[in-house]
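Hello,

I am passing a structure on to you, and I hope you enjoy looking through it. Please have a first look at it here, and then read on for what turned up.

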Amino acid sequence: MGTFRKVAALVAAAGLLAACGDGGGSGDSGDGGATGTVTYFTFSAAPDHLKDLDAIKAEFEKQNPGITVQVQTAAYDDYFTKLQTAIAGGTAPDTFELNYENFVTYARAGALLDLDTLAGEDDGYDPARVYPKALEAFKYDGKQYGMPTTFSDVVLFYNKKLFDAAGVAYPTADWTWADEKAAAEKLTDKGKGVFGDYQPVTFHEFYKALAQAGGSFFSADGKKATFNDAKGLEAANWLLGKPGTVQPTVAEIGGKADYDTALFKSGKLAMWHNGIWQFAGLADAGLDYDIVTEPGNTAKANAVFMNATAVSAKTSKGAAAWKWARFLSTSPTTVQTRLTSNWELPAVNDQAAFDAYMKQTPPANRKAVFDALDAIALPPVVDTQQAKMQDIVTQALEKAASGQASAQEALDEAAKSVDALL
């Protein structure tokens with residue numbers, strides 16, 4: 001998954017709308033679409049969790065004789081292009097994975113089946129078992145178009161050995177930006193190749209820092225970019241102040257994939273802003289590390305990523321597809337498999353299900369994973385233009401980081417370009 005999720009190549013609205021029409025399809029194939037082969041397209045399973053998905057699939061088929069699941073996978077970089085092509089060509093998979101950022105476009109285009117009727121006819125479905133905020137995130141116009149499957153969030157990782165060696169107190173949930181900056185400066189020892197902090201200068205970090213500064217990405221009516229105001233400048237300067245001081249410069253990183261991961265694993269990075277998906281990769285690193293919720297400024301705000309299973313509006317197997325979507329969301333098999341394998345976290349409203357997960361170490365402070373949900377900062381979304389918007393902001397920040405523009409100039413330029421999208 002790298003430092004953070006890479007930006008998806010979002011669908012072209014005109015093409016998707018033309019392919020989907022008004023949503024078409026009732027999801028009925030004579031027997032209510034209750035049997036047959038259900039295709040499932042996913043980006044999160046490959047390559048690390050194919051065996052885990054196979055285990056979930058096997059148990060589902062055991063519990064649902066007459067239904068077979070055919071899994072299709074693609075790397076995240078290629079996934080949405082392939083999904084768009086399939087929908088436009090009339091060969092959409094029956095079920096497919098969507099992240100929050102892309103969900104609205106597909107729902108608005110009529111590409112997704114309204115799940116409310118199917119859910120209402122399913123005696124085995126209890127919506128209270130699903131994490132409420134996740135369930136709400138995958139509604140459109142008040143209708144449920146996606147079953148939440150997973151969530152992950154971003155926390156502050158820290159190397160306890162480096163903190164101890166520098167005589168710096170460990171981070172706490174009450175830390176502010178000022179506390180983080182002071183600690184990072186003390187922990188940085190460039191002579192030994194040790195850096196105190198690492199936070200990418202990207203769209204995803206900026207919108208979160210903006211929320212931590214008390215700012216808003218858009219105006220209240222959503223018609224104008226407001227991230228270039230004083231609070232936006234404060235957020236940008238927070239990120240831009242790190243490269244070359246407490247973290248490597250952009251030139252030193254040189255576009256190397258997973259540079260920060262290698263740095264943290266080598267014991268040369270004291271603090272690292274990254275996602276809980278890194279737990280699995282750090283399991284064999286032999287590091288004495290822990291986590292805490294990220295420091296805020298005037299407010300706490302935590303990046304949370306959510307995925308869901310959607311059903312194609314054109315499927316002829318609506319009932320069977322719904323059963324698979326529900327199983328991927330709430331079944332004990334899915335929940336246990338995800339927790340055991342550190343395959344993100346199931347979006348279930350069941351703290352007891354997380355008991356074993358909470359006892360795994362490192363990190364010891366897994367409570368921070370759930371504390372982060374108390375102050376969620378979901379990414380701002382521009383329907384049909386999400387990828388372009390994210391690129392605009394990231395490129396503007398990179399321009400400022402390389403000294404080609406001041407932070408204010410970069411933000412003003414980006415805001416003007418985003419306004420044009422709106």
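Helices and strands here are DSSP runs numbered from the N terminus, with H or I over at least four residues for helices and E over at least two for strands. D141 is not a glycine, yet its phi is positive, at about 55°. As background, most residues other than glycine have a negative phi, and most peptide bonds are trans.

Before going further, a note on what you are looking at. This is a predicted model, in which local features need pLDDT of at least 70 and side-chain atom pairs count only at pLDDT 80 or more, while totals for chains, interfaces and linings use all residues. Residues are numbered from 1 along each chain as its sequence is written, and side-chain values use heavy atoms, with hydrogens and water left out.

One joins A46 and P47, with omega about 0°; P47 lies in the loop between β1 (36-42) and α2. The other runs from P362 to P363, with omega near 0°, and P363 sits in the loop between α16 (355-359) and α17 (367-371).

Next, the domains. The chain is divided into domain 1 (37-151 + 305-358) and domain 2 (153-304 + 366-420), with bounds that come from an automatic or database domain assignment. Their C-alpha centres lie 29 Å apart. Domain 1 gives 16 residues to the contact and domain 2 gives 22, where contact means heavy atoms within 4.5 Å. Between them the two domains bury about 1900 Å², 69% of it on carbon and sulfur atoms; buried area is the accessible area (1.4 Å probe) that two parts lose on being put together, summed over both. On the domain 1 side, E101, F151 and F305 lose the most area to domain 2, together 34% of what that side buries.

Now to the helix pairs. Axes are lines fitted to C-alpha atoms, for helices over the stretch in contact, and angles run from 0 to 180 degrees between N-to-C directions. Angles under 35 degrees count as roughly parallel, over 145 as roughly antiparallel, 65 to 115 as roughly perpendicular and the rest as oblique.

Helix α2 (residues 50-63) and helix α15 (residues 332-341) have axes that come within 10 Å and cross at roughly 165°, so they are roughly antiparallel to each other. D52, A55, I56, E59 and Q63 of α2 meet T333, T334, T337 and S341 of α15. These residues divide into two nonpolar, five polar and two charged (Ala, Val, Leu, Ile, Met, Phe, Trp, Tyr, Cys and Pro count as nonpolar, Asp, Glu, Lys and Arg as charged, and the others, Gly among them, as polar).

Helix α10 (residues 230-240) packs with helix α8 (residues 177-187) at an angle of about 20°, the axes being 12 Å apart. The two are therefore roughly parallel, and α8 passes α10 in a left-handed crossing. W177, E180 and K181 of α8 touch E234, A235 and W238 of α10, giving three nonpolar, no polar and three charged residues.

α10 also packs with helix α19 (residues 407-421), at about 120° and with axes 10 Å apart, which makes α10 oblique to α19. This crossing is right-handed. G232, L233, A236, N237 and L240 of α10 contact A407, Q408 and L411 of α19, with five nonpolar, three polar and no charged residues by class.

How values were computed
Left-handed = near helix turned anticlockwise from the far one by under 90°.
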